[in-house]
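This briefing is for a reader who is new to the structure shown below. Please keep the sequence and the 3D view at hand while reading.

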Amino acid sequence: MRCAVQSALIALLLAAPFAAGAAASKCDRLIATGGADNPPFLWRDPQNPKRLVGANAELLKKITDSLDLKLEVLYTGDSGKALEEVRSGRVDLLADAVLSTKELAHLDFIYPSITALEMAAWVRNEPGFFYSSREELKGRPGAYAATTRFGGEFESYAKNNFRLSSAPNLAAAVKRLLAGQVDYILHERYSAVAQAGSQGMLDDMQRLEPPVDRRGMHFAVAHDSACNSPWLRGQLAIKMTELRAAGVPQQLLVENLERWKQRQPAPSGDSQR
């Protein structure tokens with residue numbers, strides 16, 4: 001009898017991993033979202049405004065296809081609204097999460113990151129702006145788009161050291177720069193190339209190196225998502241490691257910069273100044 005009990009316990013223990021795998025497989029569909037106005041990472045599909053397209057959506061689709069999971073990347077509003085939908089668990093995954101201590105209470109961040117976000121200083125495309133670090137921006141007037149999200153450490157640094165004013169959007173900030181009202185603007189590298197380039201403003205600007213701040217952009221799974229499991233998090237991390245090693249995220253960024261550019265109307269003369 002004792003041997004029979006021991007055999008049953010051993011069989012149960014051996015079956016546990018398979019049971020866990022079976023439980024994980026019950027989640028056969030992921031719902032994702034992110035900031036809707038952030039090309040080349042994410043933007044609303046002009047053919048179906050309820051969906052988001054872009055480099056991050058394509059990258060996540062490659063991963064979910066390899067895991068036999070269905071994927072929907074849905075528009076839920078601006079970046080703040082998208083974050084709230086994932087925090088609540090109504091949406092499973094945030095496709096453009098930026099690591100912060102506050103969000104660790106709500107989200108499981110997937111490593112490695114999708115890419116490094118580079119907050120850059122952009123100046124007029126003319127000689128005379130000598131720059132080697134963000135320290136040299138102190139005392140100079142600058143601008144940024146109101147939708148820009150600064151990281152915790154850099155947000156504190158900028159508040160204490162920079163003379164910044166907000167503009168409604170990047171185009172308005174660039175117009176202030178080109179009019180000489182500010183000496184520089186702060187904006188993420190790829191986003192600036194996509195948005196300013198599509199409006200014919202990029203040739204009038206130059207990006208300063210090194211960036212004033214660097215942060216990782218991640219996929220992040222909601223703690224309260226019904227799909228959140230060790231299996232899913234592990235598989236997302238494995239696939240991200242493989243794709244990063246193959247250079248796929250960077251390739252998708254380049255392709256989606258071009259995709260965004262081709263879908264924009266030709267800039268008018270007025271929009272360039």
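The notes that follow go through side-chain contacts, a surface patch and some backbone features.

The model is predicted. A search of the whole structure finds 1 disulfide and 17 salt bridges. The count of aromatic pairs comes to 8.

**Disulfide**

- C27 and C227 are joined by a disulfide, with an S to S distance of 1.7 Å.
- The link of C27 and C227 is right-handed, with 75° about the S-S bond.
- This pair connects distant parts of the chain, 200 residues apart. C27 is in the loop between α1 (2-25) and β1 (29-33), while C227 is in the loop between β13 (213-222) and α7 (230-245).
- C27 has a relative accessibility of 14%, so it counts as buried, because the cut-off for buried is under 20%.
- C227 is buried as well, with a relative accessible area of 9%.
- In general, a disulfide is a covalent bond between the sulfur atoms of two cysteines.

- In general, side chains of opposite charge can pair when their charged atoms come close.
- R233 and D108 meet through their side chains in a salt bridge, at 3.8 Å from N to O. The two residues belong to distant parts of the chain, with R233 in helix α7 and D108 in strand β7 (residues 107-109), 125 residues apart.
- R233 is partly exposed at 29% relative accessibility, and D108 is partly exposed with a relative accessible area of 22%.
- R134 and E153 form a salt bridge with an N to O distance of 3.1 Å. R134 lies in the loop between β8 (115-124) and β9 (141-145) and E153 lies in helix α4 (residues 152-161), so this pair ties together parts that are 19 residues apart in sequence.
- Are R134 and E153 buried or partly exposed? R134 is buried, with a relative accessible area of 19%, whereas E153 counts as partly exposed at 49% relative accessibility.
- K138 forms a salt bridge with E135, and their closest N and O atoms are 2.7 Å apart.
- K138 is partly exposed, with a relative accessible area of 38%, and E135 counts as partly exposed at 40% relative accessibility.

**Aromatic rings**

- The ring centres of Y144 and F150 are 5.3 Å apart and the planes are at 55°, so the pair is tilted.
- F150 counts as buried, at 16% relative accessibility.
- F154 and Y157 form a stacked pair, 6.4 Å centre to centre with 25° between the planes.
- Both F154 and Y157 lie in helix α4, where they are 3 residues apart, about one turn of the helix. F154 and Y157 are both buried.
- Which residues do ring pairs link into a cluster? The cluster is made of Y144, F150, F154, Y157, F162 and Y184.

**Charges over rings**

- R134, which is in the salt bridge with E153, also has its charged end over the ring of Y157, 3.9 Å from the ring centre.
- R140 lies over the face of F129, at 4.2 Å from the ring centre.

**Nonpolar surface patch**

- L99, L104 and Y111 make a nonpolar surface patch of about 290 Å².
- Y111 is in the loop between β7 and β8. Y111 is partly exposed, with a relative accessible area of 46%.

**Backbone features**

- In general, most residues other than glycine have a negative phi, and most peptide bonds are trans.
- Y111 is also joined to P112 by a cis peptide bond, with omega about 0°. P112 is found in the loop between β7 and β8.
- The peptide bond from E209 to P210 is cis, with omega near 0°. P210 lies in the loop between β12 (205-207) and β13.
- D68 is a residue other than glycine with a positive phi, near 60°. D68 lies in the loop between α2 (55-66) and β5 (70-73).
- At 70% relative accessibility, D68 counts as exposed.

How values were computed:
Residues numbered from 1 in each chain as written. Predicted model: local features only at pLDDT ≥ 70, side-chain atom pairs only at ≥ 80, totals over all residues. Heavy atoms only, no water. Disulfide = S-S within 2.5 Å. Helix = DSSP H or I, 4+ residues; strand = E, 2+ residues; numbered from the N terminus. Buried < 20%, exposed > 50% of the residue type's maximum accessible area, 1.4 Å probe, protein only. Salt bridge = Lys/Arg side-chain N within 4 Å of Asp/Glu carboxyl O. Phe/Tyr/Trp six-rings, centres within 6.5 Å; stacked < 30°, edge-to-face > 60°. Lys NZ or Arg CZ within 6 Å of the ring centre and 35° of its normal. Patch = residues over 30% accessible without salt bridge, like charges linked within 9 Å, V, L, I, M, F, W, Y side chains within 5 Å. Areas by Shrake-Rupley, 256 points an atom, 1.4 Å probe, with all protein chains shown as cover.
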